[in-house]
Amino acid sequence: MHKEIKNKISLDMILLFVLGINFILTVSNWHYIKFIPINFGLPRNFIFFYTFFILFIFYYIISKSKKINYNLRYYIKLCIIILLIFVFIIITGVYQILLRKKGADPIYVHDGILVSEQAIKYLDEGKNPYVENYKESFSYFIEKYGQRERDNPVWHHYVYLPYYFLFSWPFYKVSHYFFGFFDQRIVHIFIFIFSLILIYKIPKNKNKKLIALLLFAFNPLFFPWFFNGHNDIFIFFWLILSIYLLTKRKYIWSSLFLGLACVSKHQAWLFLPFYFIYLFYSQNLIKNYFRRALITFKKMWLTFLIFIIFLTPFLFWNYGTFIEDIIEYPAGKSAHVLPVVGYGISYFLYMIGIIKDQWDYYPFWIWQVIFCLPLFYYFVRKQKINNNLKQLVFNYGVFVFVFLFFSRYLNTNYISYLSMIFLSAYLIEDKYFFKKNSKLKKK
């Protein structure tokens, strides 16, 4: 028997109302966003507004009905949430892709989409994406706004790691075969759907599952960047899949997907030391630290193999351009660099005159060492006391924020990514299996 909460209004109902209305009001203010191509003589945002209210009222009635048993009530509410996600998020995302195909202004598409699509095309032609130039992808902007005084640095570098475009290549081929075009957001929508499944599966409590879906799909820090084409959902999926498999103690499979996250985008690299520490302290019955480390490496061997499989070919293909694109370019040491931007320490230093020009190189790694090393030591000590997955994911999220805060740029889509990480930490219900003074250790 399920113990039902007797509160008059449940948290999932409040979240549905607040996040659903926020989505409609936010998106309706984006003049470039179009919804479903039917309007019955009404503005399309009105269609969404009334559709939402009808479903919300039905959700409320089902929630309060005493004539329907708990399980049936739960599954009806789940179906309503899935329907809203499908109509609001997925259909809107698909329609944005169709609008772009019809010739909509590409200015509202993230430049990462443009260069990634071109990188896949280069790969399909047998060319090295880390060598080629991407100026052709921005011909529309050059024609409309003219050539700027300084080249856009993304014309000269491809910053994403190989698995991102390698995974997308089959979608590129299939989409071109059936539809005659390709939009990288097709991959993102596919990944988003599977991320929803994982987010749903992580918590055990049914009410928490509903809350998880609402917070993830209608996260106001997430969906604007998702529609725009930022690829944070891609790295998040492989990371959360690795974490989910850790909750099942499937270490080899978990290490495999962690490796795929690491060869997708740089943020996953910072997860590696926390992952290692978690596995290391999980061997608390073994006194010998060297043997602990050896067992931990055995559980993580697939992660390192994935690094070798995906990175080695590009290192041999052209070592110099590969290192320049994925290491020197984001650090601000390449010939064409991204300017100092965002909300971190970098722009503050620029405003007060320590950094004279936004395009200048500045050794932010010094700040990162000063602040991140003590923080990492603190988190290691904390993980040793309570070695659980919730602590692992939370520590990683905080560490990434501090690392990015003292980097060259702390962009708002990084905050979106961190919001998903912290949500995952909240949802994980891992028990404290490896407390420092546990009975298991005494045995």
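**Exercises: a cavity and a helix pair**

The lining of the largest cavity comprises four nonpolar, three polar and one charged residues. The model is predicted.

**Exercise 1.** Work out which residues line the largest cavity and which helices supply them.

Solution. 
- Step 1. Start with the cavity itself: the structure has one cavity of 30 Å³ or more, and the space in the largest cavity comes to about 50 Å³.
- Step 2. List the lining: Gly93, Gln96, Ile97, Arg185, His188, Ile189, Phe226 and Phe227.
- Step 3. Assign helices. At least two lining residues come from each of α3 (70–101), α7 (185–201) and α9 (223–228).

**Exercise 2.** Describe how α1 packs against α3, giving the angle and the distance between their axes.

Solution. 
- Step 1. Two numbers are needed, since a pair of packed helices is described by the angle between the axes and the distance between them.
- Step 2. For helix α1 (residues 11–28) and α3, the angle is about 10° and the axes lie 12 Å apart.
- Step 3. Angles under 35 degrees count as roughly parallel, so α1 is roughly parallel to α3.

**Exercise 3.** Identify the residues through which α1 and α3 meet.

Solution. 
- Step 1. On the α1 side, take Asp12, Leu16, Gly20, Phe23 and Ile24.
- Step 2. On the α3 side, take Lys77, Leu84, Phe88 and Ile89.
- Step 3. Classify the residues of this contact: six are nonpolar, one is polar and two are charged.

Terms used: Residues numbered from 1 in each chain as written. Predicted model: local features only at pLDDT ≥ 70, side-chain atom pairs only at ≥ 80, totals over all residues. Heavy atoms only, no water. 1 Å grid on protein atoms, 1.4 Å probe; cavity = no way out; pocket = protein on both sides within 12 Å on 5 of 7 lines; lining within 4 Å. Points joined across faces, edges and corners; volume = space filled by probe spheres on them. Helix = DSSP H or I, 4+ residues; strand = E, 2+ residues; numbered from the N terminus. Nonpolar A, V, L, I, M, F, W, Y, C, P; charged D, E, K, R; others polar. Axes fitted to C-alpha atoms, helices over the stretch in contact; angles between N-to-C directions. Parallel < 35°, antiparallel > 145°, perpendicular 65-115°, else oblique. Contact = heavy atoms within 4.5 Å.
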